Amino acid sequence: MAVTGCASSAGSSDSNSAAPKGPVDLGPASAVPEGGGTVFREQKIVVTQPTAGQYKAFSAKCTHAGCIVDQVKNQQIQCPCHGSRFAIADGAVQDGPAPSPLPAYTVTVEGGNLKVTPS
Ligand code: FES
């Protein structure tokens, strides 16, 4: 298994492997708890549900050094590498060295399934 760890954004000039294209089906919306969120590691997407029935999606790639955030706790998306924390409502930086919010993606629920369109 490839471990991307905290590698900085080397090679990001054209490959941009972190951003899948087109709508990504992430399965049942019920996997995302109200007042929390779920990290979809494989897709590098985090989906949150700040309030009942309102879903938000963000890039799971930390804006500090590119680690993939690993959990959502205390209403914050948490990066394991240097402790950055982002708000589940809008991806804003709440703590740590991250210089900017997590990029937001478009998320819809179709037939009970989450569809996320990375931008
Ligand atoms: S990569 Fe450093 S806090 Fe996320």
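A strand here is a DSSP run of type E with at least two residues, numbered from the N terminus.

**The chain as a whole**

Welcome to a predicted model. The chain has zero helices and 10 strands, so its pattern along the sequence can be written simply as β-β-β-β-β-β-β-β-β-β, going by the DSSP runs. It has 119 residues, of which 32% count as buried. Among contacts between residues at least 6 apart in sequence, 44% join residues at least 24 apart.

How confident is the predictor? The mean pLDDT of the chain is 89, with 83% of residues at 70 or more. Residues 7–15 have a pLDDT below 50, and this stretch makes four contacts in the model beyond near neighbours in sequence.

**The six-stranded sheet**

Six strands form an open sheet with antiparallel pairing, in the order β1-β10-β9-β4-β3-β2. At its edges are β1 and β2, each of which pairs on one side only. On average, neighbouring strands of this sheet are turned by 25 degrees against each other, direction ignored.

Here are the residue ranges of some of its strands:

| Strand | Residues |
|---|---|
| β1 | 24–28 |
| β2 | 37–40 |
| β3 | 45–51 |
| β4 | 54–59 |
| β9 | 104–110 |
| β10 | 113–117 |

Strands β3 and β4 pair in the antiparallel sense over five bridges. Within this pair, Val46 stands opposite Phe58.

**A closer look at Phe58**

Why does Phe58 count as buried? Phe58 has 27 C-beta neighbours inside 10 Å, and the cut-off for a buried residue is 20 or more. Leaving out residues up to four places away in sequence, Phe58 touches Val46, Gly91, Leu102, Pro103, Ala104 and Tyr105. Ile77 is 19 residues from Phe58 in sequence, and their C-alpha atoms are 9.9 Å apart.

In soluble globular proteins, nonpolar side chains tend to be buried together. The largest nonpolar core of this model holds 25 residues, and Ile45, Val46, Val47, Val69 and Val116 touch the most other members. Strands β2, β3, β4, β9 and β10 each supply at least two residues of this core. The largest share, three residues, comes from β3.

Which residues does Ile45 contact, apart from neighbours within four places in sequence? They are Val24, Leu26, Phe40, Ala57, Ser59, Ala60, Tyr105 and Val116.

Conventions: Residues are numbered from 1 along each chain as its sequence is written. This is a predicted model: local features need pLDDT of at least 70, side-chain atom pairs count only at pLDDT 80 or more; totals for chains, interfaces and linings use all residues. Helices (H or I, at least four residues) and strands (E, at least two) are DSSP runs, numbered from the N terminus. A residue is buried if 20 or more other C-beta atoms lie within 10 Å of its own, exposed if 12 or fewer, and partly exposed in between; C-beta atoms are placed from the backbone. Two residues are in contact if their C-beta atoms, placed from the backbone, lie within 7 Å. pLDDT is the predictor's confidence in each residue, from 0 to 100. Two strands pair if DSSP finds at least two bridges between them. Axes are lines fitted to C-alpha atoms, for helices over the stretch in contact, and angles run from 0 to 180 degrees between N-to-C directions. A nonpolar core is a set of buried Ala, Val, Leu, Ile, Met, Phe, Trp, Tyr and Cys residues joined through C-beta atoms within 7 Å.
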